[in-house]
Amino acid sequence: MAADLGCNVVVEGEGDLSLTVANELAQRVEAAGKPAVILYLSDYDPVGYSTPANMAGKLTWLHQRGDLEQRS
C-alpha cells in the first residue's frame, strides 16, 4: 500500500530506538529534500507508551543541533 501511495516506509526495530537510528532517519529525510511526516507505531505497554515521545525528543535535539532542517 505504501508503495502505491509513493510513501517511503522504514521498519527499524524493537524497543526504544537509539539516537543513531534517529540520526539516520534525519539524514534520509534531509537527503530526500521533501517534507516528511513520521508515523511512529508502538505497542501499548509501559515501555511502548513512551517510545514515540522519546523518538520525538531525539529528532528535536537533532533539529536544535542543526542536523535536521525539517520542522520538528
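Is Lys 58 buried or exposed? At 18% relative accessibility, Lys 58 counts as buried, where buried means under 20% relative accessible area, exposed means over 50%, and partly exposed lies in between (1.4 Å probe, protein chains only).

1. Basis of the note. The model is predicted: local features need pLDDT of at least 70, side-chain atom pairs count only at pLDDT 80 or more, and totals for chains, interfaces and linings use all residues. Residues are numbered from 1 along each chain as its sequence is written, and side-chain values use heavy atoms, with hydrogens and water left out.

2. The salt bridge. A search of the whole structure finds 1 salt bridge, that is, a side-chain nitrogen of Lys or Arg within 4 Å of a carboxyl oxygen of Asp or Glu. Lys 58 forms a salt bridge with Asp 16, and their closest N and O atoms are 3.3 Å apart. The pair links distant parts of the chain, 42 residues apart: Lys 58 belongs to helix α2, and Asp 16 to the segment before α1 (19-32). Helices here are DSSP runs (H or I, at least four residues), numbered from the N terminus. Asp 16 is partly exposed, with a relative accessible area of 42%.

3. Thr 51. Helix α2 spans residues 51-65 and includes Thr 51. This residue counts as buried because its relative accessibility is 3%. Neighbours within four places in sequence aside, Thr 51 is in contact with Gly 15, Asp 16, Tyr 40 and Ser 42; contact means heavy atoms within 4.5 Å.

4. Packing of the two helices. The axes of α1 and α2 are 9 Å apart, and the helices pack at an angle of about 60°. That makes α1 oblique to α2. Axes are lines fitted to C-alpha atoms, for helices over the stretch in contact, and angles run from 0 to 180 degrees between N-to-C directions. Angles under 35 degrees count as roughly parallel, over 145 as roughly antiparallel, 65 to 115 as roughly perpendicular and the rest as oblique.

5. Residues between the helices. From α1, Leu 19, Val 21, Ala 22, Asn 23, Leu 25 and Ala 26 meet Met 55, Lys 58, Leu 59, Trp 61 and Leu 62 of α2. By class, this contact has 9 nonpolar, 1 polar and 1 charged residues. Ala, Val, Leu, Ile, Met, Phe, Trp, Tyr, Cys and Pro count as nonpolar, Asp, Glu, Lys and Arg as charged, and the others, Gly among them, as polar.

6. Asn 8. The segment before α1 also holds Asn 8, which counts as exposed at 60% relative accessibility. Asn 8 and Ala 32 are 24 residues apart in sequence and 10 Å apart in space, C-alpha to C-alpha.
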